[in-house]
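The sequence and the structure come first.

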Amino acid sequence: MKRILLLGGITEALAIARTLGPEHVYSLAGIGRVPGDLGCQVRVGGFGGAEGLATYLHTEKIDLLIDATHPYAAQISANAARAAQLSGVPCWALRRPAWQAQAGDDWREVAGWAELIEALRPFRRPLFTLGREPLQHLDEIPPEQFWTLRALEACPGNERCEVIGARGPFHLEDERALFERRQIDVLISKNSGSTATEPKLDVARERGVPVLVLKRPELPGVDREFFAVDELVSALNL
Ligand code: NAP
């Protein structure tokens, strides 16, 4: 029987984990919720880089590594590919397809924080949906801007920034209300490709609000790539 280590942290990974029996391991970084109702083993926390992960694969006698982490979690994906090389264990990956711009969208890709700040200059009321990174820059908010920042956990903002703690899925009506209440004139987003967070893009389109899209990181080549959970699960042939 082959033993699987599944690297997760997103909805699709949890769906794969639900198909795994007790000999397999589902691994989480430890920043989100840890499910308590899985048939497989669950472990939480880092491995100590690619070398640490390679050691884990060896000592735990893992036969297949599956990278089903978030498309912007580039470090763990790089570690997975490297650990697979070091240990000789094959690596498969679930690569979530990106959102595609539709008619009426005004998307502008930015490569990183410096480019993002430059692209934000013409705007007054940005909504950040990138996670916690903007919290490090609250002291740099230009006097003409008022930020709204949504992250998993609420935390203090300042007089120029409201921080909202909320977890998806987000609903169209609530997103409409948020854009209206905060008079959002630009949205900042990763291109996560998740249906759970997509309604904000619909509202941006409805209101003619531009979207600054953080460029996706490059992910490493692996033995097999899948673009849908059911394809990967059926290839496992458990
Ligand atoms: P990252 O920068 O790629 O990884 C940072 C470190 O966290 C890794 O080097 C690894 O530590 C540890 N790690 C990450 N995923 C792990 C996993 N599934 N099991 C064990 N250790 C893991 O990742 P991140 O962007 O901070 O994201 C952390 C986790 O949250 C990921 O699992 C990802 O799937 C999930 N997530 C991320 C985002 C996002 O926008 N980035 C959004 C939703 C969910 P060691 O080097 O010590 O092994």
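A polar contact is a pair of N or O atoms within 3.5 Å. The model is predicted, and the contacts below are computed from it.

**Ligand site**

| Residue | Protein atom | Ligand atom | Distance |
|---|---|---|---|
| S27 | side-chain N or O | nitrogen | 2.7 Å |
| G48 | backbone N or O | oxygen | 2.9 Å |
| N79 | polar side-chain atom | oxygen | 3.4 Å |

On its own the ligand has 810 Å² of accessible area, of which the protein covers 73%. The ligand is surrounded by 21 residues, and G8, S27, F47, I76 and K190 are the closest of them. By class, this shell is made up of 11 polar, eight nonpolar and two charged residues. Both β2 (25-28) and α3 (74-87) supply at least two residues of the shell. The largest share is that of α3, with four residues.

**Helix α5**

Helix α5 spans residues 172-182, and its buried residues are E175, L178, F179 and R182. Viewed down the helix axis, these buried residues fall within an arc of 95 degrees, so they line one face of α5. The exposed residues E173 and R181 are carried by the face turned away from that buried side.

What do the buried residues of α5 pack against? Their partners are the strands β7 (126-129), β8 (147-151), β9 (161-165) and β10 (186-190), together with helix α6 (199-207). After α5 comes Q183, which has a positive phi, near 50 degrees.

Methods
Residues numbered from 1 in each chain as written. Predicted model: local features only at pLDDT ≥ 70, side-chain atom pairs only at ≥ 80, totals over all residues. Heavy atoms only, no water. Buried < 20%, exposed > 50% of the residue type's maximum accessible area, 1.4 Å probe, protein only. Arc of directions from axis to C-beta. Contact = heavy atoms within 4.5 Å. Near = heavy atom within 4 Å. Polar contact = N/O pair within 3.5 Å; in protein donor to acceptor, adjacent residues only side chain to side chain. Areas by Shrake-Rupley, 256 points an atom, 1.4 Å probe, with all protein chains shown as cover. Nonpolar A, V, L, I, M, F, W, Y, C, P; charged D, E, K, R; others polar.
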